[in-house]
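User: Could you walk me through the aromatic ring pairs here, and the reasoning behind the labels?

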Amino acid sequence: MGRRLLHASEHIDIHHEESEGWLYVDWKGYQSVDMVKSGCEEILRHLAALRLSKVLNDNTHVSGIWVGAAYWLATYWFPRMREAGLRHFAWVLSPSRLSQVSTTTTLEHAEPNTAVLFDDLASAVHWLRNADSTETKGLP
């Protein structure tokens, strides 16, 4: 078992990390509001189909601002993700300050403990691997 590609596009790749039991989402480049919404719907579809509870959301390769999607993510998409089984969402921040603003704006509108932010992929992986044993830091 390893990494299985579920969806690939110019702006987002979604993999099933079979050995880890989570989705790995690699966002790439500039993200318009429509791109964010479309990519998020793909994530939701695969999370539900595979009955997974963890997502490693990597914004390392994201550039620019996508704050127009922040409220939609916080109030519409994340609640649907929780209904589909999401319990732990590790979010690796983009090095782009504008993208970071979009991420923090999203979480300001979201329920507490919706996601845990990380500056690097290794820390996010470590947290996600141990998330079941640290339930208080994950989603309720």
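Analyst: Happy to! This is a predicted model, and searching the whole structure turns up 8 aromatic pairs. One of them joins Trp72 and Tyr76.

User: Why is the pair of Trp72 and Tyr76 called tilted?

Analyst: Their ring centres are 5.7 Å apart, and pairing requires centres within 6.5 Å. The planes make an angle of 45°; stacked needs under 30 degrees and edge-to-face over 60, so the label is tilted.

User: What makes Trp72 and Tyr76 about one helical turn apart?

Analyst: Both sit in helix 2 (residues 70–83), and they are separated by about one helical turn because they are 4 residues apart.

User: How do you know whether Trp72 is buried or exposed?

Analyst: Trp72 has 16% relative accessibility. The limit for buried is under 20%, so Trp72 counts as buried. Tyr76, at 41%, falls between 20% and 50%, so Tyr76 is partly exposed.

User: Which residues do ring pairs link into a cluster?

Analyst: Phe78 and Phe89 belong to that cluster, together with Trp66, Trp77 and Trp91.

Terms used
Residues numbered from 1 in each chain as written. Predicted model: local features only at pLDDT ≥ 70, side-chain atom pairs only at ≥ 80, totals over all residues. Heavy atoms only, no water. Phe/Tyr/Trp six-rings, centres within 6.5 Å; stacked < 30°, edge-to-face > 60°. Helix = DSSP H or I, 4+ residues; strand = E, 2+ residues; numbered from the N terminus. Buried < 20%, exposed > 50% of the residue type's maximum accessible area, 1.4 Å probe, protein only.
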